[in-house]
Amino acid sequence: MGVQAMARVERGARSGASRRRAGRPRGSWSRRAPLLPALVFLVVVTQLPFVGTLVISFMRWNALAPDDRGFGGFANYKAAVTDPGLRSSLVTTVVLTAAVVLVSLLLGLGLALLLDRKFPGRGIVRTLLIAPFLVVPVASALLWKHALYNASYGFVNGTLTWLWQLFGSDSAPQPDWLSAIPLIAVEASLIWQWTPFMMLILLAGLQSRSPDIVEAARVDGASTWQVFRQLTFPHLRCYLELAALLGSIYVVQNFDAVFTLTSGGLGTANLPYTVYETFYQAHDYGQASAEGVIVVACTMVIATFALRTVSSLFKEGAL
Amino acid sequence: MTAQEGRAATGLLCRGIWGFLAWFCGLFFFLPFAWMVLTSFHGEADAATNPPSVGAALTLQGYREFFGASTGVSPWPPLVNSLTASVTSTLLVLALAIPAAYALSIKPVRKWTDVLFFFLSTKMLPAVAGLLPVYLIAKNAGMLDSVWLLVILYTSMNLPIAVWMMRSFLAEVPVEILEAASIDGAGLLTVLVRIVAPVAAPGIAATALISFIFSWNELLFARVLTGVVAGTAPVFLTGFVTSQGLFLAKVCAAAVCVSLPVLVAGFAAQDKLVQGLSLGAVK
């Protein structure tokens with residue numbers, strides 16, 4: 001992504017600290033020196049390969065036909081754009097990311113509000129809630145696929161059988177979750193993993209709010225709803241934005257859950273999985289690159305918006 | 001009962017209900033995790049019943065199977081690969097991120113916010129976008145199926161987050177003390193060791209933790225760029241994607257074993273986890 005674009009987004013977001021500290025221009029190279037290794041490393045490892053992707057995207061190159069390699073113009077882009085698979089995976093990516101981020105944000109908010117109150121065993125409940133986030137993503141996807149969703153002996157259907165038997169019935173519904181509602185099944189497993197993350201950020205936000213003001217509002221007779229609407233929510237807003245942004249960065253790139261739960265089948269293939277498939281299974285290097293470039297173009301729209309959010313938070317001094 | 005006592009009783013009841021609800025939600029979210037751990041200690045036949053047999057006899061058979069009791073396939077090489085890739089890349093991330101964060105906070109370069117946002121913007125470039133050239137370069141350089149290639153990629157993956165985190169921690173070093181120290185004639189090394197390091201130590205720990213977890217969890221690069229030699233633990237787990245008859249206990253044991261380092265590190269440092277994931281924004 002262009003440095004210039006970033007600079008445009010970011011212009012004017014200087015905090016007081018920079019003005020205070022950057023007053024003296026002397027020794028600018030000795031100042032820059034510690035920055036260079038990280039910067040050079042990152043440009044070489046992340047930006048240069050993308051230039052390679054850009055070049056290959058204009059080439060006719062399939063690893064299965066190595067002799068037929070050459071300049072292909074916009075053929076790959078044409079093939080990618082007219083491919084209904086890519087379009088559906090674009091929609092899937094948007095739906096998946098939006099659903100996971102929104103639902104886990106709401107659940108996380110509810111849980112954070114619950115945990116913000118004092119009750120016996122609060123520390124234990126917090127620890128229990130963090131557990132899903134600490135399971136390796138592939139392991140979590142395997143757990144959902146085999147131990148929970150399995151149609152004949154998974155925990156979900158097992159619990160249904162048990163509940164129905166409790167009421168004397170033997171005809172509990174036993175759906176095959178992964179083929180009946182594949183996308184929702186993938187989303188549910190991701191929501192399980194990401195809700196703790198949202199909860200942790202929002203809880204930290206709630207606990208950074210000054211208790212005096214809430215107390216004062218209560219003394220003045222404000223109801224619980226009024227306190228939430230007028231005091232807690234405005235204070236929490238930047239934490240909600242931060243949680244949503246970070247969640248989107250991670251969820252939009254999700255590969256593990258889609259790969260493990262459905263192997264991209266049944267309309268659950270998102271963009272990262274589709275690019276992986278074109279490259280790793282179809283060996284069409286040219287088209288995979290064109291798809292990669294399209295992914296980046298889409299991400300840049302979201303990213304510019306997202307970075308604007310971060311920089312406005314930055315300006316307000318929340319970070 | 002006076003009105004005041006009545007209100008106190010309602011308050012207590014209310015608090016009880018909310019506490020109960022919090023416990024209920026906590027346990028509900030914990031349930032799949034608990035089921036995973038419980039199933040990993042069940043025999044294969046008990047693990048695959050409908051309705052579930054919660055109270056079935058406990059056994060270590062699932063773990064024995066995971067460690068290759070009947071197949072002879074040991075999970076140790078992938079686990080060691082994961083450990084090598086995660087630890088080495090974490091050290092490399094710290095070595096690159098700490099000086100960079102220093103140049104963005106304590107002695108900031110001009111336009112340091114632009115640089116900071118450039119770091120974050122590379123994180124928004126999806127990993128798949130550069131995957132193919134990396135694969136082709138690695139193939140030509142003979143670096144496919146090598147842990148060191150993963151070390152380089154994981155370092156670049158975690159470096160932006162690490163720079164953001166370390167910057168937010170180093171920004172807390174009081175400038176006045178730094179200036180006073182340099183007026184008193186303290187050298188750069190003294191300043192770094194005596195003033196910066198103590199303030200930054202918890203931040204370094206948080207950065208290392210996050211970097212380790214993300215490297216340990218990574219699948220896409222490892223899946224595409226490694227094979228039999230350098231495959232990591234998540235790649236090993238993908239061997240369980242297709243069903244193999246009665247193998248629930250084995251799968252759950254595998255999931256527990258591979259997640260164990262992250263679980264231990266994460267539970268031990270919950271607060272650091274929050275700081276890290278929010279790029280150091282939430283303290």
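Predicted model: local features only at pLDDT ≥ 70, side-chain atom pairs only at ≥ 80, totals over all residues.
**Chain A as a whole**

Begin by selecting chain A by itself and colouring it by secondary structure, where 16 helices and two strands are assigned. Chain A has 319 residues, of which 43% are buried. If you draw the contacts in chain A that have a separation of 6 or more, 73% of them join residues 24 or more positions apart.

Is A:W164 buried, partly exposed or exposed? With 16 other C-beta atoms within 10 Å, A:W164 is partly exposed, since a residue counts as buried at 20 or more such atoms and as exposed at 12 or fewer. Once its neighbours within four places in sequence are left aside, the residues in contact with A:W164 are A:S169, A:S171 and A:A172.

Then move to residues 211-219 of chain A, which make up helix α12 of that chain. The number of buried residues among its nine is zero, so α12(A) lies largely in the open. After α12(A) comes A:G221, and if your viewer reports backbone angles, look there for a positive phi, near 90°.

**Where the chains touch**

Now show both chains together and select the residues that form the contact between them, which are 92 in chain A and 89 in chain B. On the chain A side, helix α4 (residues 36-56) provides the largest share, with 11 residues. Colouring that side of chain A by residue class gives 64 nonpolar, 20 polar and eight charged residues.

For a pair of helices drawn from the two chains, select α8 of chain A (residues 137-148) together with α12 of chain B (residues 248-268), whose axes are 9 Å apart and which pack at an angle of about 160°. Because of this angle, α8(A) and α12(B) are roughly antiparallel to each other, and their crossing is left-handed. To see the contact itself, display A:A139, A:L142, A:L143, A:H146 and A:A147 from α8(A), and B:L248, B:V251, B:C252, B:A255, B:V258 and B:S259 from α12(B). Nine of the residues in this contact are nonpolar and two are polar, while none is charged.

**The two domains of chain B**

Where they touch, 15 residues of domain 1 are in contact with 11 residues of domain 2. On the domain 1 side, the elements giving two or more residues are α1 (3-40), α2 (44-47) and α3 (61-66) of chain B, and α3(B) gives the most, with five residues. By class, this side of domain 1 has seven nonpolar, six polar and two charged residues.

**A helix pair within chain B**

For the last stop, select helix α7 (residues 147-170) and helix α9 (residues 188-217) of chain B, which pack at an angle of about 155° with their axes 9 Å apart. How do α7(B) and α9(B) run, roughly parallel or roughly antiparallel to each other? They are roughly antiparallel, because angles over 145 degrees count as such, and the crossing of α7(B) and α9(B) is right-handed. Residues in the contact include B:Y154, B:M157 and B:F169 of α7(B) and B:V196, B:G203 and B:F214 of α9(B). This contact has 13 nonpolar, five polar and no charged residues.

Technical notes
Residues numbered from 1 in each chain as written. Chains lettered and ligands numbered in written order. Axes fitted to C-alpha atoms, helices over the stretch in contact; angles between N-to-C directions. Helix = DSSP H or I, 4+ residues; strand = E, 2+ residues; numbered from the N terminus. Parallel < 35°, antiparallel > 145°, perpendicular 65-115°, else oblique. Left-handed = near helix turned anticlockwise from the far one by under 90°. Contact = placed C-beta atoms within 7 Å. Nonpolar A, V, L, I, M, F, W, Y, C, P; charged D, E, K, R; others polar.
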